[in-house]
Each structure stands twice: as structure tokens, then as C-alpha cells.
Amino acid sequence: MAERYVETLRLMTQAWQCDHLGHVNVSFYMGWIGDAAFGLSAMHGWTREQAAAENAGVAAVRAEVDYRAELRGGDMVRMESTVESIGERKIVFRHRLIRVGDETLAMSARLTGVCIDTVLRRSRPFPPSFVARVVETFGITPMAPKEAAA
């Protein structure tokens, strides 16, 4: 089955985001990836307010990013995201940033996150309703606890 991506972010790059080489600096891509991940979580019923009430959040523990095409100030882009896998405490996102208009893939990324208790600073389970919605949307099988720890 092909991966299902959903749009999680759309924006216009700004001239002030460009570095001395004239293209968008890589530091902004990571912020957009974070925004996309938060958007995906909210779209699946786990909002910022709910996470805060539960003293929960997701900490990124691994990131792989491929920059494929330059972006310049004024480019319209959209982020599309999918969930490759989800377990009781671990989630793996894939994101792709596409320049709107010519559909050029500007960046692709794979990020691993762990659900944490924001007070105790330790891993904790995701809300079961969130896992269920992610599984349904992306047509994936949740990882067993032993697999999720790997």
C-alpha cells in the first residue's frame, strides 16, 4: 500500500529567512517540520491544549533531512506528512516540502519522536485515541511495545 500523505503546513518563504547564499537557511526547515508534526497531531485529536492538560508532549530523538532543491524568498511551499509507524511511546514521521507551482520536492525528512511526560521528563504512552486515529488515517499497524522500544 502506498504511503498516504496529508497537507500539514502551507506558507510563503520570506526574504528575511534567506542566508548570505540567497536561499532559505536550513534552520527554518526544522521549525516547519516541528509545526507540521504539531499540526498532524492536532488533526488527529491530540491538540496542544490536551497535551498540556496531560503534561505530555513529543520529544524529537532522531532526524534525517535531505535538502533537494533551493528555496528563495517568496516561494510558496506546502508540507505533506505521513506516519511511517507508531507504537505505545514512539512515532516516526515522514515529511516532504514541495514548492507550489512547479511541484519541486525541496526537502524530505524522517523524524522519530518519543511521547514524554513534561513534568517527570520520562517517556510515557501516547493517548490511545490518538494512536487509533493515526492508525486509521495512515492504514498502518501499531508497533508492539517491544518493537516500539527499538
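The legends below describe an overall view and several close-ups of a predicted model. Residues are numbered from 1 along each chain as its sequence is written, and side-chain values use heavy atoms, with hydrogens and water left out. Local features need pLDDT of at least 70 and side-chain atom pairs count only at pLDDT 80 or more, whereas totals for chains, interfaces and linings use all residues.

**Figure 1. Overall view of the protein chain, with 4 helices and 6 strands.** From the N terminus on, the order of elements is β-α-α-β-β-β-β-β-α-α. Helices (H or I, at least four residues) and strands (E, at least two) are DSSP runs, numbered from the N terminus. Along the principal axes, the C-alpha atoms fill a box of roughly 45 × 35 × 25 Å. Of the 150 residues, 42% count as buried. Buried means under 20% relative accessible area, exposed means over 50%, and partly exposed lies in between (1.4 Å probe, protein chains only). The accessible surface of the chain comes to about 8,200 Å², and 54% of this belongs to carbon and sulfur atoms. Accessible areas come from the Shrake-Rupley method with a 1.4 Å probe; for residues, only the protein chains shown count as cover. Among contacts (heavy atoms within 4.5 Å) between residues at least 6 apart in sequence, 70% join residues at least 24 apart.

**Figure 2. The salt bridge between Arg94 and Glu3.** The closest N and O atoms of this pair are 3.8 Å apart. The pair links distant parts of the chain, with Arg94 in strand β4 (residues 90-99) and Glu3 in the segment before β1 (6-12), 91 residues apart. A salt bridge is a side-chain nitrogen of Lys or Arg within 4 Å of a carboxyl oxygen of Asp or Glu. Arg94 is partly exposed at 28% relative accessibility, and Glu3 is partly exposed at 44%. The structure holds 15 salt bridges.

**Figure 3. The salt bridge between Glu64 and Arg110.** The N to O distance is 3.5 Å. Glu64 lies in strand β2 (residues 56-67) and Arg110 in strand β5 (residues 104-117), so the bridge ties together parts that are 46 residues apart in sequence. Both side chains belong to residues that count as partly exposed: Glu64 has a relative accessibility of 33%, and Arg110 has 23%. Glu64 and Arg110 are also part of a network of salt bridges that links them with Glu3, Arg62, Glu84 and Arg94.

**Figure 4. The salt bridge between Glu103 and Arg78.** Here the closest N and O atoms are 2.5 Å apart. Glu103 lies in the loop between β4 and β5 and Arg78 in strand β3 (residues 76-86), so the pair ties together parts that are 25 residues apart in sequence. Glu103 is partly exposed, with a relative accessible area of 43%, whereas Arg78 is buried at 11%.

**Figure 5. A nonpolar surface patch of Val26, Met30 and Tyr67.** Together these residues have about 260 Å² of accessible area. Patches are made of residues with over 30% relative accessible area and no salt bridge; like charges are joined within 9 Å, and nonpolar side chains (Val, Leu, Ile, Met, Phe, Trp, Tyr) within 5 Å. Met30 sits in helix α1 (residues 26-43) and is partly exposed, with a relative accessible area of 36%.

Figure 6. Most residues other than glycine have a negative phi. Arg121 is found in the loop between β5 and β6 (122-123) and is exposed, with a relative accessible area of 59%.

**Figure 7. The cysteines Cys18 and Cys115.** Cys18 counts as partly exposed at 24% relative accessibility, whereas Cys115 is buried at 0%. The structure has 0 disulfides, a disulfide being a pair of cysteine sulfur atoms within 2.5 Å.
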